[in-house]
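Hi everyone, thanks for coming. I'd like to walk you through one structure today, so please have a look at the screen.

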Amino acid sequence: MSNHEETLIRVEDLKVHFPIYRGVIRRQVGSVKAVDGVSFQVKKGETLGLVGESGCGKTTTGRAIVQLYKPTAGHVYFRDIDLVSLKEEPMRLMRKEIQMIFQDPYASLNPRMTVRDIIAEPLLAFGMATGKELDTRVKELMRLVRLDPDFIYRFPHEFSGGQRQRIGIARALALNPAFIVCDEPISALDVSIQAQIINLFEDLQKELNLTYLFIAHDLSMVRHISDRVAVMYLGIIVELADRNEIYNNPLHPYTQALLSAIPVPDPEHYRRRSRIVLEGDVPSPANPPSGCRFRTRCPKADEECEKGRPEFREILPGHFVECFKAEVPSPLKEVTFEENSILK
Amino acid sequence: MTEQPEMIPTGDNRMLDEVFSDRKITWLEKTLGTDNYRIVKGLFKTPASIIGFILILIFVLIAVFAPAIMPPVDNDPFKMPRDGYSGEPRGPGAEWTRKVPDMPFWYEPLTGKTEMTHVLGTTQGQYDILYGIVWGTRTAFNTGLLVVAVTVIIGVVLGSIAGYYGGWVDNVIMRITDIFMTLPYIMMALIFSAVLTPVLGRSLWPPLIAMTTFGWMGYARVIRSDILSIKERDFVLAAKVSGVKKNRILFKHVLPNAIFPTLVLASLGIGEVVLGFASLSFLGIGTEVGYADWGQILSFARNWITNLDRYWYIVVFPGVTLTLFVMGWNLVGDALRDVLDPRMRGKI
């Protein structure tokens, strides 16, 4: 499973703060700390899933990595080049390697451009093909994402949602990137289509040796496609581990609550499981709680948790948690997430 | 067993128009592109917009065929012919004795008379009203289109730079725009006209320059705000991620999608400019006395306003013409807005 050696992307203490202005002279009174110190690595060929509820900062993280938003602090190393430090033109050249697939299949395609123009645009931006050659390459890409190449001169509004997403995928693949940030690529699609697109993602990854950062909020979908999973809450990563490890042995109380909320179509199971319901609402990212951010809703919080942000430590090999209260269950045994004994 | 029918793929592999298979693509759609074709089609849907287009078409025909409708008398066709110098206006059907133009083609069949008369009457100073209206149409188009074209270009350039590049450039341009906007339009146009007239002589140019200088701000603000919102759309971000250069994104992605509200304003603006020009002429600032312009004719009615039951023709004819012209452009502008608005709301 995780036999990936080379580290392709290394994110170090990434912060994205959006200033809040108030008053006639527009003084800065505070900031929305959308991403507040996020660190992780993605190895070549793997899929890192990034999950969290809406507003936790995962989309902002994805966009900051691709430098669509300028990070307020931190570093994003792609093969040891710090993208944050690059000026506009060098960064533009890096775009050949780092691409992005967007969430909304309706908004991410220019309604006034044909499919051919949309997919050809990256190729034209770097002068990689022209004329007949360009058309050939575009049709090749369309076939790759399982779109009929005959539709090359159609407009986006003539396609369905799933097909538009395929167009977006074809566009992202045009430059043969090494790394693709997938920002909730299937959330806007029908459930039946989601499966098709996810399979497409997996096939493409095998065929083209791609590396994905897969941002989503659907935990079961992430489980299917990811090698490792990172869980975000209020701008920070609270847990990061191998896929099976996280689903079978979640150590952060937030992850445990999230996993307990996954619907399972089995009445027997529902009778048996103990569902953790978090109290309260997510605090505002402009004013996160002091100490551990999760303490206002955490079933295990106590005075220790007010004292300062916990360390993001490697509690088990490859399993990182940011929590004062997380502990390795003893004796260590494999449990399924339905019967997580820590909770009883 | 008979031959198996071809498997029809289910789910999402069918194009939408395999499902709705009767859609024919006309040649017009192919040339304009599906997007623009829909706009053009939408423009002709309501009766109001069709009336607007017809009105404008009529005015275009009048302007184009002006020499045939009312043959010019002078070297400069825009000088209205004067039948004498008497002060009192004469009504429709009055005799035309001095500076008579050639008989236009429609005169005899329409009126049945063999001698040329003032079909719509004369103003004070004996300027023929019909002549003024016909050649005034040319003036209206010239001034309207010119001023709108220049103000739109100025506004779009400034507004695009401000909206797209942001930062201190945005601030500077917007403060300049604010300053211009605080100055009252008619007053500034008047002052500017009056100042320029001794410099440039009494012609079209002082009021044109005045109106252009103070008429671009609306377009700048509208395009800037549209650009600010379109800039954040996913497809613009996608272009950036695809490696497209910043300037190319502006011209290829942002402007074509942001320009529509500005176009609506521009079509409404032609009516405004012509009205404004007429106001300036009415107030005496503007073209020279005797220039074929609707506002000019109206200005000759100033002294006779108290007796409008007798001298109604000086006001009614140019007034109705002006109203119809502005209304035509307003209807077209409204139709354009209606076509674009649901499109923006519903589709994208």
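Predicted model: local features only at pLDDT ≥ 70, side-chain atom pairs only at ≥ 80, totals over all residues.

Okay, the interface. On chain B, 32 residues are in contact with 39 residues of chain A. How big is that in terms of area? The size of an interface is often given as the accessible area lost when the parts come together. Here about 3,100 Å² is buried between chain B and chain A, and carbon and sulfur atoms give 53% of it. And how many salt bridges are there between the chains? The count is one. Asp234(B) and Arg63(A) have side chains that meet in a salt bridge, at 3.5 Å from N to O.

Now for our arginine, Arg95(A). You'll find Arg95(A) in the loop between helix 2 (88-94) and strand 6 (98-101) of chain A. So is it buried or exposed? Arg95(A) is buried, yet has no salt bridge: Glu88(A), the nearest side chain of opposite charge, is 8.6 Å away. Who does Arg95(A) touch, leaving out residues up to four places away in sequence? On chain A, the list includes Val66(A), Gln67(A), Phe126(A) and Leu175(A), and from chain B there are Lys240(B), Val241(B) and Gly243(B).

Last stop, the surface of chain B. There's a nonpolar patch of about 590 Å², with Leu146(B), Trp205(B) and Ile209(B) among its residues. Helix 7 (129-165), helix 9 (185-200) and helix 10 (205-213) of chain B each give two or more residues to that patch. Helix 7 has the largest share, with three residues.

That's my tour, thanks!

Notes:
Residues numbered from 1 in each chain as written. Chains lettered and ligands numbered in written order. Heavy atoms only, no water. Helix = DSSP H or I, 4+ residues; strand = E, 2+ residues; numbered from the N terminus. Buried < 20%, exposed > 50% of the residue type's maximum accessible area, 1.4 Å probe, protein only. Lys, Arg positive; Asp, Glu negative; His and termini not counted. Salt bridge = Lys/Arg side-chain N within 4 Å of Asp/Glu carboxyl O. Contact = heavy atoms within 4.5 Å. Patch = residues over 30% accessible without salt bridge, like charges linked within 9 Å, V, L, I, M, F, W, Y side chains within 5 Å. Areas by Shrake-Rupley, 256 points an atom, 1.4 Å probe, with all protein chains shown as cover. Buried area = accessible area lost by both parts, 1.4 Å probe.
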